[in-house]
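The following questions and answers work through a single model, going from the chain as a whole to individual side chains.

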Amino acid sequence: MNLRILLLCAIILPTLANAEIYKWKDKEGKVRYTDVPPPSNIKQESLYGKKIPKPTTQAPLRVVEKDAASIANIQKQKDKEKAAIENPGVNPAMSKEEAAAKRAKEADAAKAEDEAKKVKEENCKAAKANLKTHMVGGRLLKTNEKGEREYMSDADIKNGIATAQADVDKYCDQ
């Protein structure tokens with residue numbers, strides 16, 4: 001008896017979980033797959049079953065004002081138009097290899113820029129630490145060429161402060 005009920009549940013359960021999946025394109029041309037029907041002004045296609053529901057009450061899709069992606073797309077379009085005007089004989093469409101090489105070059109440049117920024121930040125921290133050490137006052141020790149420690153004179157401390165301040169000005173954005 002229990003085996004029959006279990007078998008009946010195993011057969012009926014998958015039919016209850018059958019959901020409609022919709023395929024549609026948004027304004028940017030991207031294909032979307034959802035279980036919720038798209039807005040009423042969008043052409044849709046049902047992937048499971050032949051039933052296409054009535055349009056939803058959702059508002060039609062609109063371009064978001066001042067969206068970063070929209071602004072970037074507008075800027076790209078302006079750049080293409082400008083390039084077409086400046087170089088009328090050049091095809092604005094790049095091959096896949098050229099586009100990949102350009103992206104790799106831009107990624108390398110961005111990586112080098114990030115590394116330079118990190119080095120500058122480290123130099124700034126070191127310069128600030130040196131300045132703080134010299135400004136604290138008291139007797140400071142330094143190691144000479146022979147590896148011996150010796151106290152810095154007042155003139156050495158003033159020179160150290162000037163050098164450290166120059167480094168702070170050079171490496172730290174103020």
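Q: What percentage of the 174 residues in the protein chain is buried?
A: The model is a predicted one, and burial is judged in it by relative accessible area, with residues under 20% counted as buried. Of the 174 residues in the protein chain, the share that is buried comes to 13%.

Q: Which pattern of helices and strands does the protein chain follow along the sequence?
A: The protein chain has 4 helices and 5 strands. Read from one end of the sequence to the other, these elements give the pattern α-β-β-β-α-α-β-β-α.

Q: Are helix 3 and helix 4 roughly parallel or roughly antiparallel to each other?
A: Two packed helices are described by the angle between their axes and by the distance between those axes. Helix 3, which covers residues 96–136, packs with helix 4, residues 154–171, at an angle of about 155°, and their axes are 8 Å apart. The crossing in which helix 3 passes helix 4 is left-handed. Because angles over 145 degrees count as roughly antiparallel, the relation of helix 3 to helix 4 is roughly antiparallel.

Q: Is His 134 buried or exposed?
A: His 134 has its place in helix 3, and its C-alpha lies 8.2 Å from that of Ala 164, although 30 residues separate His 134 and Ala 164 in sequence. Since the relative accessibility of His 134 is 16%, this residue counts as buried.

Q: Which side chains meet in a salt bridge?
A: The structure holds 1 salt bridge, in which the N to O distance is 2.7 Å.

Q: Does Leu 7 count as buried or exposed?
A: Leu 7 has its place in helix 1, which covers residues 2–16. Residues over 50% relative accessible area are classed as exposed, and because Leu 7 has a relative accessibility of 54%, Leu 7 counts as exposed.

Q: What is the area of the nonpolar surface patch that includes Leu 7?
A: Leu 7 contributes to this nonpolar surface patch together with Leu 8, Ile 11 and Ile 12. The area of the patch made by these residues is about 390 Å².

Note on methods. Residues numbered from 1 in each chain as written. Predicted model: local features only at pLDDT ≥ 70, side-chain atom pairs only at ≥ 80, totals over all residues. Heavy atoms only, no water. Patch = residues over 30% accessible without salt bridge, like charges linked within 9 Å, V, L, I, M, F, W, Y side chains within 5 Å. Areas by Shrake-Rupley, 256 points an atom, 1.4 Å probe, with all protein chains shown as cover. Salt bridge = Lys/Arg side-chain N within 4 Å of Asp/Glu carboxyl O. Helix = DSSP H or I, 4+ residues; strand = E, 2+ residues; numbered from the N terminus. Buried < 20%, exposed > 50% of the residue type's maximum accessible area, 1.4 Å probe, protein only. Axes fitted to C-alpha atoms, helices over the stretch in contact; angles between N-to-C directions. Parallel < 35°, antiparallel > 145°, perpendicular 65-115°, else oblique. Left-handed = near helix turned anticlockwise from the far one by under 90°.
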